[in-house]
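User: I have a structure open and want a quick tour of its packing and side-chain pairs. Can you take questions as I go?
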Amino acid sequence: AEETNIDLEKAGVELRRKLRSADAVMSTFMPDISLSASVSTSASFQSFPPDTEPGFSGLRYSAGADISFPFSGSMITDGKTRNLTREGASLTYEKARTTLSLGIITGYWGLATADLSIKAAELSYDAAARQYASAEEMYRSGMTDELSLSQAELAMYDAQLSLKNLEDSKDQLMAEFRTMTGIEGDFTTEDLPEPVLLSLPSAEEIFAEFGENSID
């Protein structure tokens, strides 16, 4: 699932993006740089004394650069903020990973439960089919009425429908499980584990110990 799940892959891409952003320290501590340049010229069209010719004095160039390093209060906490961003991104990724893991576990045991339900439904359908066959034989022999035959037939179709619904439900669970895990081939599930029985104190004992911690 870690190699093929699209949601986990997207979470990994987002994690790497946020980590790169948190590591870009120069975005905070880069100085402000400004450059300036100009070109000017001048010409004299009225000469003094009058016997001199108008002249062109040439081009003048000027250039300059200003560098400033503005300081803001956020720079003091910049390192801590970036660490928090890294931690938050990692927690978000771990949450996605944990959600996927729990989804796989739930889906797996859901398939195991579906297998048991289908087996039980198959037994119920077989029993209903046998009852209908027996009722049909008795009806032909005149030993039962048409209403009993119809009821047995309806019970058989109900059992068949329940079995079909469970099979469809398992197919849907299987499709979701394959999407999460990337498994393509057939596989079998283990038997359901034994239930875990918890031994808890009485409600009065719990309230006496923890009730004072509740603001309500």
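User: Is arginine 178 buried, exposed or partly exposed?

Analyst: Arginine 178 counts as partly exposed because its relative accessibility is 22%. Buried means under 20% relative accessible area, exposed over 50%, and partly exposed in between, with a 1.4 Å probe and protein chains only. This is a predicted model: local features need pLDDT of at least 70, side-chain atom pairs count only at pLDDT 80 or more, and totals for chains, interfaces and linings use all residues. Residues are numbered from 1 along each chain as its sequence is written, and side-chain values use heavy atoms, with hydrogens and water left out.

User: Which residue forms a salt bridge with arginine 178?

Analyst: Aspartate 186, with the closest N and O atoms 3.8 Å apart. A salt bridge here is a side-chain nitrogen of Lys or Arg within 4 Å of a carboxyl oxygen of Asp or Glu. Aspartate 186 counts as exposed, at 79% relative accessibility.

User: How many salt bridges by this rule?

Analyst: Six. One of them joins glutamate 14 and arginine 17, at 2.5 Å from N to O. Both lie in helix α1 (residues 6–23), three residues apart, about one turn of the helix. Helices are DSSP runs (H or I, at least four residues), strands are E runs of at least two, and both are numbered from the N terminus. Glutamate 14 is partly exposed at 32%, and arginine 17 is partly exposed at 43%.

User: What does lysine 164 form a salt bridge with?

Analyst: Aspartate 168, with the closest N and O atoms 2.9 Å apart. Both sit in helix α4, four residues apart, about one turn of the helix.

User: Stay on α4. How many residues does α4 have?

Analyst: It has 36 residues. From first C-alpha to last, α4 reaches 52 Å, close to the 52 Å expected at 1.5 Å a residue. The expected span is 1.5 Å times one less than the number of residues. Glycine 182 follows α4, with a positive phi near 80 degrees.

User: Switching to packing. What is in the largest nonpolar core?

Analyst: Eight residues: Leu8, Leu100, Ile104, Tyr108, Leu111, Met174, Phe177 and Met180. A nonpolar core is a set of buried Ala, Val, Leu, Ile, Met, Phe, Trp, Tyr and Cys residues joined through side-chain atoms within 4.5 Å. Two elements give two or more residues to this core: α3 (78–140) and α4 (146–181). The most come from α3, with four.

User: Last topic, confidence. What is the mean pLDDT of the protein chain?

Analyst: The mean is 83, and 81% of residues reach 70 or more. pLDDT is the predictor's confidence in each residue, from 0 to 100. Where pLDDT is low, the predicted coordinates should not be read in detail.
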